[in-house]
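Subject: Structure for you to look at

Hello,

Please find the structure below, with the sequence. My notes on it follow; please read them with the model open.

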Amino acid sequence: MAARPAAVIFDVGNVLYDWNPRFLYERLIDDDRALDAFLRDVCTKDWHFQHDAGRPFAETSAELTVQYPEHAALIALWGPRFNDQLGDMLPGMRDLVLDLDAADVPLFAITNFSHEFWPPFRTREAELFDRFRDIVVSGEEQLVKPDPAIYTLALQRFGLAGSDAIFIDDRLDNVEAARGVGMRAHHFTDASALRAELAALQLLA
(Lines give C-alpha, C1' and ligand atoms only; values in the text may rest on other atoms or scores of the structure.)
Protein backbone atom coordinates (compact mmCIF):
# COMPACT_ATOMS: atom_id res chain seq x y z
CA MET A 1 0.00 0.00 0.00
CA ALA A 2 1.24 3.52 -0.84
CA ALA A 3 2.59 5.65 2.01
CA ARG A 4 0.02 7.91 3.63
CA PRO A 5 0.51 11.61 2.77
CA ALA A 6 0.40 14.10 5.63
CA ALA A 7 -1.71 16.74 3.88
CA VAL A 8 -4.06 17.39 0.97
CA ILE A 9 -3.56 20.36 -1.36
CA PHE A 10 -6.51 21.34 -3.55
CA ASP A 11 -6.95 23.42 -6.64
CA VAL A 12 -10.07 25.61 -6.34
CA GLY A 13 -11.68 26.29 -9.73
CA ASN A 14 -13.18 23.19 -11.37
CA VAL A 15 -12.10 21.00 -8.46
CA LEU A 16 -13.89 22.51 -5.49
CA TYR A 17 -16.12 25.01 -7.31
CA ASP A 18 -17.62 25.12 -10.77
CA TRP A 19 -16.12 28.10 -12.64
CA ASN A 20 -17.70 29.14 -15.91
CA PRO A 21 -17.98 32.71 -17.26
CA ARG A 22 -21.29 31.67 -18.86
CA PHE A 23 -22.89 31.69 -15.41
CA LEU A 24 -22.60 35.48 -15.45
CA TYR A 25 -22.94 36.36 -19.12
CA GLU A 26 -25.91 34.18 -19.94
CA ARG A 27 -27.84 36.53 -17.65
CA LEU A 28 -26.69 39.53 -19.69
CA ILE A 29 -26.66 38.28 -23.31
CA ASP A 30 -29.96 36.80 -24.49
CA ASP A 31 -28.81 35.42 -27.84
CA ASP A 32 -26.87 32.14 -27.54
CA ARG A 33 -24.77 32.79 -30.64
CA ALA A 34 -23.86 36.26 -29.43
CA LEU A 35 -22.98 34.81 -26.02
CA ASP A 36 -20.76 32.15 -27.58
CA ALA A 37 -19.02 34.74 -29.74
CA PHE A 38 -18.43 37.10 -26.79
CA LEU A 39 -16.80 34.41 -24.67
CA ARG A 40 -14.85 33.00 -27.60
CA ASP A 41 -13.55 36.29 -29.02
CA VAL A 42 -13.75 39.01 -26.37
CA CYS A 43 -13.65 37.94 -22.71
CA THR A 44 -11.70 34.75 -23.32
CA LYS A 45 -10.09 32.46 -20.80
CA ASP A 46 -6.68 33.34 -22.26
CA TRP A 47 -7.41 37.02 -21.61
CA HIS A 48 -8.53 36.20 -18.07
CA PHE A 49 -5.31 34.27 -17.40
CA GLN A 50 -3.56 37.65 -17.12
CA HIS A 51 -5.50 38.27 -13.91
CA ASP A 52 -4.34 34.94 -12.48
CA ALA A 53 -0.79 36.08 -13.22
CA GLY A 54 -1.28 39.29 -11.26
CA ARG A 55 -2.26 41.93 -13.80
CA PRO A 56 -4.84 44.44 -12.51
CA PHE A 57 -8.31 44.24 -14.00
CA ALA A 58 -8.27 48.01 -14.61
CA GLU A 59 -5.41 47.52 -17.07
CA THR A 60 -6.68 44.43 -18.86
CA SER A 61 -10.23 45.74 -19.18
CA ALA A 62 -9.04 49.09 -20.54
CA GLU A 63 -6.97 47.33 -23.20
CA LEU A 64 -9.82 45.04 -24.17
CA THR A 65 -12.29 47.92 -24.33
CA VAL A 66 -10.05 49.68 -26.86
CA GLN A 67 -10.27 46.56 -29.04
CA TYR A 68 -14.01 46.02 -28.51
CA PRO A 69 -15.59 49.36 -27.58
CA GLU A 70 -19.06 48.03 -28.47
CA HIS A 71 -18.70 45.58 -25.56
CA ALA A 72 -17.38 48.07 -23.00
CA ALA A 73 -20.27 47.64 -20.58
CA LEU A 74 -20.02 43.84 -20.60
CA ILE A 75 -16.24 43.84 -20.23
CA ALA A 76 -16.50 46.18 -17.26
CA LEU A 77 -18.63 43.66 -15.36
CA TRP A 78 -16.08 40.82 -15.48
CA GLY A 79 -14.22 41.99 -12.40
CA PRO A 80 -16.95 43.40 -10.15
CA ARG A 81 -19.19 40.40 -10.79
CA PHE A 82 -16.55 37.69 -10.91
CA ASN A 83 -18.25 35.85 -8.05
CA ASP A 84 -21.22 35.34 -10.36
CA GLN A 85 -18.97 33.22 -12.59
CA LEU A 86 -18.40 30.78 -9.73
CA GLY A 87 -21.21 28.36 -9.10
CA ASP A 88 -21.84 25.79 -6.42
CA MET A 89 -19.30 23.29 -5.18
CA LEU A 90 -18.92 20.36 -7.52
CA PRO A 91 -20.97 17.28 -6.60
CA GLY A 92 -19.57 15.42 -3.62
CA MET A 93 -16.75 17.85 -2.93
CA ARG A 94 -18.22 19.60 0.07
CA ASP A 95 -18.74 16.33 1.89
CA LEU A 96 -15.25 15.18 0.93
CA VAL A 97 -13.63 18.34 2.34
CA LEU A 98 -15.72 18.14 5.51
CA ASP A 99 -14.78 14.49 5.97
CA LEU A 100 -11.07 15.27 5.59
CA ASP A 101 -11.38 18.14 8.04
CA ALA A 102 -13.24 15.93 10.53
CA ALA A 103 -10.39 13.40 10.23
CA ASP A 104 -7.90 16.18 11.13
CA VAL A 105 -6.18 15.99 7.74
CA PRO A 106 -4.36 19.31 7.11
CA LEU A 107 -5.95 21.11 4.15
CA PHE A 108 -4.21 23.57 1.84
CA ALA A 109 -4.79 25.00 -1.64
CA ILE A 110 -2.85 26.36 -4.61
CA THR A 111 -5.11 28.30 -6.94
CA ASN A 112 -4.69 30.28 -10.13
CA PHE A 113 -6.83 33.25 -9.11
CA SER A 114 -6.68 37.02 -9.40
CA HIS A 115 -5.40 38.82 -6.31
CA GLU A 116 -8.32 41.23 -6.79
CA PHE A 117 -11.06 38.65 -7.33
CA TRP A 118 -9.92 36.23 -4.63
CA PRO A 119 -10.80 38.22 -1.45
CA PRO A 120 -14.53 38.64 -2.27
CA PHE A 121 -14.79 34.95 -3.19
CA ARG A 122 -12.85 33.89 -0.09
CA THR A 123 -15.24 35.96 2.01
CA ARG A 124 -18.29 34.48 0.29
CA GLU A 125 -17.03 30.95 0.96
CA ALA A 126 -15.46 31.54 4.37
CA GLU A 127 -17.35 28.66 5.96
CA LEU A 128 -15.39 26.27 3.76
CA PHE A 129 -12.04 28.05 3.40
CA ASP A 130 -11.71 28.67 7.14
CA ARG A 131 -10.98 24.94 7.31
CA PHE A 132 -7.84 25.43 5.21
CA ARG A 133 -4.55 26.17 6.94
CA ASP A 134 -3.15 28.23 4.07
CA ILE A 135 -3.92 29.04 0.42
CA VAL A 136 -1.39 30.21 -2.16
CA VAL A 137 -3.04 32.53 -4.72
CA SER A 138 -1.23 32.96 -8.02
CA GLY A 139 -2.18 36.60 -8.51
CA GLU A 140 -0.70 37.53 -5.15
CA GLU A 141 2.56 35.74 -5.93
CA GLN A 142 2.70 36.59 -9.65
CA LEU A 143 3.40 32.93 -10.27
CA VAL A 144 0.92 30.64 -12.01
CA LYS A 145 0.51 26.89 -12.31
CA PRO A 146 2.08 24.95 -13.95
CA ASP A 147 5.24 26.96 -13.19
CA PRO A 148 7.19 24.71 -10.79
CA ALA A 149 8.09 27.79 -8.76
CA ILE A 150 4.57 28.16 -7.37
CA TYR A 151 4.57 24.59 -6.08
CA THR A 152 7.98 25.04 -4.49
CA LEU A 153 6.84 28.28 -2.86
CA ALA A 154 3.66 26.60 -1.57
CA LEU A 155 5.51 23.66 -0.05
CA GLN A 156 7.91 26.02 1.72
CA ARG A 157 5.06 28.13 3.04
CA PHE A 158 3.01 25.12 4.12
CA GLY A 159 6.01 23.55 5.84
CA LEU A 160 5.76 20.38 3.76
CA ALA A 161 8.11 18.21 1.76
CA GLY A 162 6.80 17.14 -1.61
CA SER A 163 6.34 13.58 -0.42
CA ASP A 164 4.16 14.84 2.46
CA ALA A 165 1.36 16.00 0.17
CA ILE A 166 -1.15 14.92 -2.41
CA PHE A 167 -2.13 17.67 -4.85
CA ILE A 168 -5.46 17.64 -6.71
CA ASP A 169 -6.09 19.53 -9.96
CA ASP A 170 -8.36 19.18 -12.98
CA ARG A 171 -5.61 20.11 -15.46
CA LEU A 172 -3.12 17.44 -16.37
CA ASP A 173 -0.30 19.93 -16.97
CA ASN A 174 -0.73 21.22 -13.41
CA VAL A 175 -0.77 17.67 -12.07
CA GLU A 176 2.41 16.76 -13.94
CA ALA A 177 4.15 19.91 -12.69
CA ALA A 178 3.28 18.99 -9.10
CA ARG A 179 4.72 15.52 -9.63
CA GLY A 180 7.83 17.19 -11.01
CA VAL A 181 8.55 18.80 -7.64
CA GLY A 182 8.03 15.52 -5.80
CA MET A 183 4.36 15.65 -4.84
CA ARG A 184 1.91 12.84 -5.28
CA ALA A 185 -0.87 14.21 -7.50
CA HIS A 186 -4.38 13.27 -8.58
CA HIS A 187 -5.87 14.31 -11.91
CA PHE A 188 -9.37 15.30 -10.84
CA THR A 189 -12.38 14.04 -12.77
CA ASP A 190 -15.01 13.66 -10.06
CA ALA A 191 -15.44 13.34 -6.31
CA SER A 192 -16.00 9.60 -6.30
CA ALA A 193 -12.69 8.81 -8.00
CA LEU A 194 -10.87 11.22 -5.71
CA ARG A 195 -12.53 9.78 -2.62
CA ALA A 196 -11.44 6.30 -3.68
CA GLU A 197 -7.81 7.38 -4.00
CA LEU A 198 -7.86 9.22 -0.67
CA ALA A 199 -9.32 6.12 0.96
CA ALA A 200 -6.58 3.99 -0.56
CA LEU A 201 -4.07 6.40 0.97
CA GLN A 202 -5.77 6.01 4.37
CA LEU A 203 -6.82 9.66 4.45
CA LEU A 204 -10.51 8.76 4.44
CA ALA A 205 -12.33 5.76 5.79
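R124 counts as partly exposed, because its relative accessibility is 37%. Its side chain meets that of E125 in a salt bridge, with 2.7 Å from N to O. E125 falls in another class: at 18% relative accessibility it counts as buried, since buried means under 20%. Please keep in mind that this is a predicted model.

Salt bridges that share partners also join four residues, R94, D101, E127 and R131, into one network. In total, the structure holds 16 salt bridges.

R81 forms a salt bridge with D84, and their closest N and O atoms are 2.9 Å apart. R81 is partly exposed, with a relative accessible area of 26%, and D84 is also partly exposed, at 24%. The other pair is R55 and E59, whose side chains meet in a salt bridge at 3.0 Å, N to O. Here R55 has a relative accessible area of 24% and is partly exposed. E59 is partly exposed too, with 40%.

Next, helix α4, which covers residues 57-67. Which residues of this helix are buried? They are F57, T60, S61 and L64. Seen down the axis of α4, the buried residues fall within an arc of 95 degrees, so they line one face of the helix. A58 and V66 are on the other side of α4, and these two are exposed.

S61 and L198 are 137 residues apart in sequence, and their C-alpha atoms are 41 Å apart in space.

There is also a negative surface patch, and the residues that form it are E26, D30, D31 and D32. Of these, D31 is found in the loop between α1 (22-25) and α2 (32-41). D31 has a relative accessible area of 40%, so it is partly exposed.

Some points on the backbone remain. D104 lies in the loop that runs between α6 (93-102) and β4 (107-111). It is exposed, with a relative accessible area of 64%.

Q142 is another case: it is not a glycine either, and its phi is positive, at about 55 degrees. Q142 has its place in the loop between α9 and α10. At 59% relative accessibility, Q142 counts as exposed, because exposed means over 50%.

P146 is also placed in the loop between α9 (138-141) and α10 (148-158). Is the peptide bond from K145 to P146 cis or trans? It is cis, with omega near 10 degrees.

Then turn to α4 and find its buried face. End in the loop between α9 and α10, at Q142 and P146.

Regards

Note on methods. Residues numbered from 1 in each chain as written. Predicted model: local features only at pLDDT ≥ 70, side-chain atom pairs only at ≥ 80, totals over all residues. Heavy atoms only, no water. Patch = residues over 30% accessible without salt bridge, like charges linked within 9 Å, V, L, I, M, F, W, Y side chains within 5 Å. Areas by Shrake-Rupley, 256 points an atom, 1.4 Å probe, with all protein chains shown as cover. Lys, Arg positive; Asp, Glu negative; His and termini not counted. Charge placed at Lys NZ, Arg CZ, Asp CG, Glu CD. Helix = DSSP H or I, 4+ residues; strand = E, 2+ residues; numbered from the N terminus. Buried < 20%, exposed > 50% of the residue type's maximum accessible area, 1.4 Å probe, protein only. Arc of directions from axis to C-beta.
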